[in-house]
Amino acid sequence: MNRPEKLERDLTAWLADSATPRVPDFTDDILWVTARTRQRPRWSFAQRWLPMSAVALIRRTSKPIPWRTLGLIAVLALLIVAAVSFYVGSQPRLPPAFGLAATGLVAYASSGDIYTVDPTTGAREAIVSGRDDDREPRWSLDGTRVAFLRSSGLGEALVVFDVQRREVVTTTDPLLEVDADSIAWSPDGRSIAVGASAGGLRVLFIVDANSGALTPLAVDYLELDVYWRPPVGHQLMFFGGTGPNVGLFMVDVDDGVVTEIARPAGPGGWIRPSGWTPDGRRAVFMRDDGSGRFRTHIVDVTTGAEVVIDDVAYGHVSNDGTRMVALDVDGRLCVANLGGGPCVQIGQPSQAYEGTHAAGAHWSPDDEWILIRDLFNGGAMRIDSDGQNADQPSWIADGAESIQRVAP
Amino acid sequence: MDQRELVERAGNGDHDAFALLVDVSVARLEAVARLILRDQELARDAVQDAYIRAWRDLPGLRDPERFDAWLHRLTVNACLDAVRRRKRRPIEVDLSPVMPATISDQTGNIADRDQLERGFRRLHAEQRAVLVLHYYVGMSASAVAESLDIPVGTAQSRLNRALTELRAAIAADERQPAEPRAVTA
């Protein structure tokens with residue numbers, strides 16, 4: 001027997017000995033996940049529309065090129081382009097996920113139901129009502145769906161509701177100790193980040209917005225709000241770490257790679273994320289150096305270039321990425337330029353927002369005004385971004401928690 | 001119920017039919033993934049990814065007779081994805097053998113086994129995949145081509161190339177008897 005034959009025979013025997021087939025212990029896990037995963041509709045597969053000869057060509061066989069089939073594919077492609085163009089043209093325009101947009105409806109929860117109100121006309125509507133106890137609505141960035149928390153005997157489920165179709169898209173399994181601050185829609189609308197407890201730890205879950213499937217991220221998430229990084233949106237900024245190594249990190253949800261953004265200023269210090277500029281280049285966060293002195297940092301995560309604004313905390317970045325509304329050392333509202341300089345006080349001394357709540361303040365999508373959860377008087381308040389006018393219009397009286405972005 | 005009918009029913013959303021398909025194939029696919037990846041945890045993730053993708057995309061499978069080849073392709077692709085992801089971040093290396101040798105070992109002496117093990121680990125994952133499909137699953141070159149979605153000629157040349165490199169790796173190993181055991185796949 002020559003050498004190659006022996007090698008092949010030995011390889012066959014060694015492979016068989018090295019991995020005897022055995023039924024693995026994770027079969028039930030596979031079936032659990034797939035039972036909760038929605039199948040792609042049949043029409044969405046291109047090969048379903050093509051003749052078998054064309055499919056065979058796409059498989060890159062070494063057969064001669066069939067020009068007639070290629071011609072048929074070209075005709076089909078033109079028809080598909082025409083159909084897609086017609087379909088896209090007939091669809092309502094959607095706003096960009098980041099940057100300026102027009103202002104749509106304002107969502108809020110009241111008495112366990114979810115409402116929307118039009119800030120222009122004051123028209124109010126209960127979009128989700130019934131016996132369920134629902135709270136904390138959050139508009140998707142394209143303004144088509146609302147996610148909210150629904151109480152159940154075991155905890156709270158995250159529900160995705162399609163506002164145009166007036167139907168629940170999906171409901172997750174119950175989550176324990178959900179942090180409403182952490183609910184964050186991904187820019188493409190396919191996922192929602194949410195922090196909850198599992199196995200005695202805080203866990204950052206990625207929810208499939210279509211199927212409700214929950215995927216825990218393998219990161220040491222601790223608490224607080226999280227922010228998807230513009231413009232692509234597959235990276236999340238979060239507060240996490242273990243022991244002395246806590247800080248702000250960025251995780252790529254596609255490949256799990258974690259990158260450190262910043263640490264607290266020192267022992268006893270504190271750090272909290274405030275968001276991103278819409279170009280995704282700069283991370284905005286606040287630090288307390290342990291002596292009670294606050295600063296807000298605007299850091300270019302590529303170059304490390306940094307702008308520091310002293311005595312300003314709990315900032316919220318405007319949609320155009322040029323300003324932030326924050327609280328100054330006196331606890332007063334102020335607006336600062338992200339390029340640096342003083343934070344200019346706006347509103348009255350009695351007006352401030354709940355800084356430790358991620359939904360404490362919202363810029364309207366057109367940056368014309370700011371919605372605050374009034375820290376001193378309760379309820380919500382609208383204040384012009386230049387600080388000239390602050391009021392509590394009738395539409396805001398029952399609550400205001402999330403603002404819909406619509407196409408300009 | 002034959003496999004063709006199960007595939008058709010699963011493609012129409014029948015999850016019980018899909019569960020039967022999983023039952024009859026999961027042991028083989030898990031072994032294939034273990035051999036390609038040489039890491040049990042990665043193999044587990046790859047097999048899970050493959051089945052999730054299979055369930056999601058089954059409505060697009062036009063010819064139910066191709067289900068086995070298609071499932072192998074999904075598994076191999078999931079393994080290659082796992083290798084690419086692993087290259088981008090540090091991992092804990094499992095030094096234990098994928099499966100301990102059994103007393104029914106028919107592959108010759110321990111030195112031959114170790115040489116094969118080391119040589120096999122030195123191959124690229126794509127090369128390990130074609131060898132596993134051909135010499136472990138028992139696929140012909142044309143079946144390997146169908147499973148990997150490549151022309152038959154390419155599959156044949158990959159098989160030959162992988163064998164050549166395996167042979168070269170074993171020869172190099174024989175020249176360095178004191179070389180430490182490789183610890184990465």
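In which crossing, left-handed or right-handed, does α1(B) pass α2(B)? Let's go and look.

Before you click, note that this is a predicted model, where local features need pLDDT of at least 70, side-chain atom pairs count only at pLDDT 80 or more, and totals for chains, interfaces and linings use all residues. Residues are numbered from 1 along each chain as its sequence is written, while chains are lettered from A and ligands numbered from 1 in the order in which they are written.

**Stop 1: two helices in chain B**

Select residues 3-11 of chain B, helix α1, and residues 15-37, helix α2. Helices here are DSSP runs of H or I with at least four residues, strands are runs of E with at least two, and both are numbered from the N terminus. The two axes come within 7 Å and cross at roughly 135°. Axes are lines fitted to C-alpha atoms, for helices over the stretch in contact, and angles run from 0 to 180 degrees between N-to-C directions. That makes α1(B) and α2(B) oblique to each other (under 35 degrees is roughly parallel, over 145 roughly antiparallel, 65 to 115 roughly perpendicular, and the rest oblique). The crossing is left-handed, meaning that the near helix is turned anticlockwise from the far one by less than a right angle.

Now show the side chains: B:Leu6, B:Val7, B:Arg9 and B:Ala10 from α1(B) meet B:Ala17, B:Phe18, B:Leu20 and B:Leu21 from α2(B). Contact means C-beta atoms, placed from the backbone, within 7 Å.

**Stop 2: where B touches A**

Colour by chain. Here 48 residues of chain B are in contact with 41 residues of chain A. On the chain B side, α2(B) gives the most, with 11 residues.

**Stop 3: a helix in chain A**

Select residues 67-90 of chain A, helix α4. From first C-alpha to last, its 24 residues reach 35 Å, close to the 34 Å expected at 1.5 Å a residue (1.5 Å times one less than the number of residues). The number of buried residues in α4(A) is 0, so this helix lies largely in the open. Buried means 20 or more other C-beta atoms within 10 Å of a residue's own, exposed means 12 or fewer, and partly exposed is in between.

Zoom out: chain A holds 4 helices and 28 strands, and 39% of its 408 residues are buried.

**Stop 4: A:Asp310**

Finish at strand β19 (residues 306-310) of chain A, where A:Asp310 sits. A:Asp310 has 12 C-beta neighbours inside 10 Å, so it counts as exposed.

Methods:
Two residues are in contact if their C-beta atoms, placed from the backbone, lie within 7 Å.
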